[in-house]
Number of protein chains: 2
Amino acid sequence: MRLQALAAALLVAACASAPAGSEAQKAPVPSMGEILEQSPASDWRAVDPENMIYMDLPTGRVIIELAPEYAPNHTVNIRALARAHYWDGAAIVRSQDNYVVQWGRDEGDTTSYGEAQRSLQPEFDRPRSGVNVTRLQDPDSYAREVGFANGFPVAGQNGRTWLAHCYGMVGAGRGDTADSGSGAELYVVIGQAPRHLDRNVTLVGRVLQGIELLSVMPRGTGPLGFYETPEERTIIRSVRLASELPESERVNLQTLRTDSATFRTLTESRRTRRDPWFLEPTGRINVCNVPLPVRVAP
Amino acid sequence: MRLQALAAALLVAACASAPAGSEAQKAPVPSMGEILEQSPASDWRAVDPENMIYMDLPTGRVIIELAPEYAPNHTVNIRALARAHYWDGAAIVRSQDNYVVQWGRDEGDTTSYGEAQRSLQPEFDRPRSGVNVTRLQDPDSYAREVGFANGFPVAGQNGRTWLAHCYGMVGAGRGDTADSGSGAELYVVIGQAPRHLDRNVTLVGRVLQGIELLSVMPRGTGPLGFYETPEERTIIRSVRLASELPESERVNLQTLRTDSATFRTLTESRRTRRDPWFLEPTGRINVCNVPLPVRVAP
């Protein structure tokens, strides 16, 4: 019971009474679940099947949303690789604790890239102009501006904006030169946000569902978490673009619009914790701690 | 090869040439490994066996260092619980993705607490005075001051200082009241730093070794990552205070002193990445991204 109480307290924002003396806050505070339940349908955005990747592992399905607004050329390339079934039979090759899980094929592998390019110019950042950023007001260690654009965490300064390396963000591995990546090798953040990678690697999207299948991959014992033997690798069954599948086989996901009133309410409820368990409401939040809700279309 | 190159680039700060035009930085930049290799013995601190906990799981050993400077009463209680072998046969009861792994015993369990108290007053923070904090200069989302004290990440403001909920930090679960924790239920952070828990739970120490045994625990499918069936739980073989064991059976760990010149050099090398792979050196760092090196005593 106490374990459950702790757990509930740690994450569930149940109806809470207001701090003493605060007239404005005497109404019960809705939980995250309640905030989402009360949201209008228009505050949700259907994920475009052209931007949705299904990666099927022996343990289940990981669903990734691509971010063409920030990585248009990588998006095109990843779609082409998926259509070529490039990753079918490829492997999880690396699992480094508090850092990344990575998948792809070994150097020298001859699997066809289909219509995809072998390398791309980087898409580390883009002009701020033309992007609708919902700003977060609290300071950030790494950038002067942080916030959310179309459901993705972003950072920016000096007229530029870029995707931020938060938990669950997916990036395109590269070698020493900026244009040595293609999207064929992908990694996902599974620990404390490695924001020093921002503007050093092209982020291409984020995991919407199934991150827990990747984050528990046994850590590799080789340098940097690479697996030392083929037996340690998990083989990827298939990777498909949702639009390739018949509609009946798709998972119709929606993400909460980060320019919606519901998202503003949710963010504030997480910034300032009024649930009774919280003794110190904090009143601040980091861009990588704001939840980005996903649901199956009702 | 490209995978390895990416990996190397992502984490290993190999000797790097300087950015063009920077006279002061033309010397090769040492890697993290080289910085540590060159450190004098006096920059390391032996972990006191009275503050070191060995938690043996079926998959290996987790080693935790307690932080009596910040949680003196919880430290005394946890030592007493270890001496009573309270956790022998207890279980990992919860694994919530991007949040915490938690262990303990169910409500109503009658295992003896030995000399330990059933509940303690919270130790959420303490006076800043009397603690030697090595400050980090970059802004933080959650507090006006961040840095390191005796090998632990800390935050503070208004004359107070507290341990920060970074990856690998260990805390004492509690119920709804501040004094409902005892250290008998512990959790470890396995995701993005949940800094909103700072000053809401008593942090008691950090994992020095073996965090990867906890972070890969299959995520629980119950609410908040609790396991729904007993079969999903991992049973803890034993938890011992290092000082209980004969010296020959101890692991003599040292942590890099966070008030040392080596730590300052290391921090700066991670703030500003001069390895050739990095195109954007960043020049900033978050308190939870600074490595806190641990080694077996040479």
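I take partly exposed to mean a relative accessible area between the buried class, under 20%, and the exposed class, over 50%. I note that I am working on a predicted model.

Entry on B:Asp125. At 26% relative accessibility B:Asp125 falls in that partly exposed class, and B:Arg160, at 32%, does so as well. I looked up how they pair and found a salt bridge between their side chains, 2.9 Å from N to O. The partners are 35 residues apart in chain B, with B:Arg160 in strand β10 (residues 160-163) and B:Asp125 in the loop between β5 (100-104) and β6 (126-127).

Entry on B:Glu145. I found this residue in a salt bridge with B:Arg135, where the closest N and O atoms are 3.2 Å apart. The pair joins strand β8 (residues 145-149) to strand β7 (residues 134-135), the two residues being 10 apart. B:Glu145 is buried at 11%, whereas B:Arg135 is exposed at 53%.

Entry on the network in chain A. Salt bridges with shared partners connect A:Glu50, A:Arg79 and A:Arg83 into one network. Within it I checked A:Arg79 and A:Glu50, whose closest N and O atoms lie 3.7 Å apart; A:Arg79 sits in helix α3 (residues 72-83), and A:Glu50 in the loop between β1 (44-46) and β2 (52-57). A:Arg79 is buried at 17% relative accessible area, while A:Glu50 is partly exposed at 25%.

Entry on the two copies. A rotation of 180° with 0.0 Å of shift along its axis superposes chain A on chain B, at an RMSD of 0.0 Å, and the copies are therefore related as by a two-fold rotation axis.

Note on methods
Residues numbered from 1 in each chain as written. Chains lettered and ligands numbered in written order. Predicted model: local features only at pLDDT ≥ 70, side-chain atom pairs only at ≥ 80, totals over all residues. Heavy atoms only, no water. Least-squares fit on C-alpha atoms with pLDDT ≥ 70 in both. Salt bridge = Lys/Arg side-chain N within 4 Å of Asp/Glu carboxyl O. Helix = DSSP H or I, 4+ residues; strand = E, 2+ residues; numbered from the N terminus. Buried < 20%, exposed > 50% of the residue type's maximum accessible area, 1.4 Å probe, protein only.
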